[in-house]
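Reader: I want to learn to read packing in a model. Where do we start?
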Amino acid sequence: ARLAQEAGLSNWIKLEVIGDQKTLFPDNQGLLEATRILAKEGFVVLPYTTDDLVNARRLIDAGAAAVMPLAAPIGSGLGIQNITNLKILREAITEVPLIVDAGVGTASDAAVAMELGYDAVLLNTAIAKAGDPAAMARAFALGVESGRAAFLAGAMAPRDMAAPSTPVVGRGALS
């Protein structure tokens with residue numbers, strides 16, 4: 001990373017500190033320490049992390065320029081597994097961008113992330129392993145665009161019960 005910075009290539013770094021080789025889940029303590037060090041050295045740190053709000057706040061305090069929670073295990077394509085935690089993160093974290101990173105499988109997963117108000121979705125395996133990567137990349141672009149548009153439009157609040165959406169005023173009784 002330092003060589004890239006000295007060469008003038010970039011001071012942005014996606015940081016992954018893997019704590020478990022089977023699940024590829026992050027080592028939150030190691031991630032926090034590395035974020036702190038790299039941010040002090042002038043890097044723009046983009047840490048891959050879990051969907052844990054407390055850890056996300058600690059990463060921001062350590063100098064993270066964004067928080068990038070996983071949707072599911074890296075490369076799994078399982079899509080968003082804990083929508084509640086991602087909602088909580090979006091509601092609580094407003095000072096840095098939120099980017100869904102890892103586990104996204106298809107364009108509808110990206111649309112959901114963007115509908116939740118996320119700033120971006122980071123992709124690799126879902127496109128690289130698709131039968132037609134270019135077509136899948138296009139599908140993801142459309143999913144991101146539609147999800148963002150839906151978020152900005154302000155979706156209606158879900159209801160537990162039915163509610164009529166067609167006016168009934170002026171309609172006579174049916175015989």
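Author: Start with contact: heavy atoms within 4.5 Å. This is a predicted model, where local features need pLDDT of at least 70, side-chain atom pairs count only at pLDDT 80 or more, and totals for chains, interfaces and linings use all residues. Residues are numbered from 1 along each chain as its sequence is written, and side-chain values use heavy atoms, with hydrogens and water left out.

Reader: Leaving aside neighbours within four places in sequence, what is I93 in contact with?
Author: I93 touches L53, A56, R57, I60 and L98.

Reader: Which residues have the most contacts inside the largest nonpolar core?
Author: A nonpolar core is a set of buried (under 20% relative accessible area, 1.4 Å probe, protein chains only) Ala, Val, Leu, Ile, Met, Phe, Trp, Tyr and Cys residues joined through side-chain atoms within 4.5 Å. Here the largest has 21 residues, and L86, L89, I93, V100 and Y118 have the most contacts inside it. At least two of its residues come from each of helix 3 (53–61), helix 4 (83–92) and helix 5 (107–115); helices are DSSP runs (H or I, at least four residues), numbered from the N terminus. Another core, of eleven residues, lies apart from it and includes L15 and L59.

Reader: How do I describe two packed helices?
Author: Give the angle between their axes and the distance between the axes. Axes are lines fitted to C-alpha atoms over the stretch in contact, with angles from 0 to 180 degrees between N-to-C directions. For helix 3 and helix 4, the axes come within 10 Å and cross at roughly 40°. L53, A56 and R57 of helix 3 meet I88, L89 and A92 of helix 4.

Notes. Buried means under 20% relative accessible area, exposed over 50%, partly exposed in between (1.4 Å probe, protein chains only).
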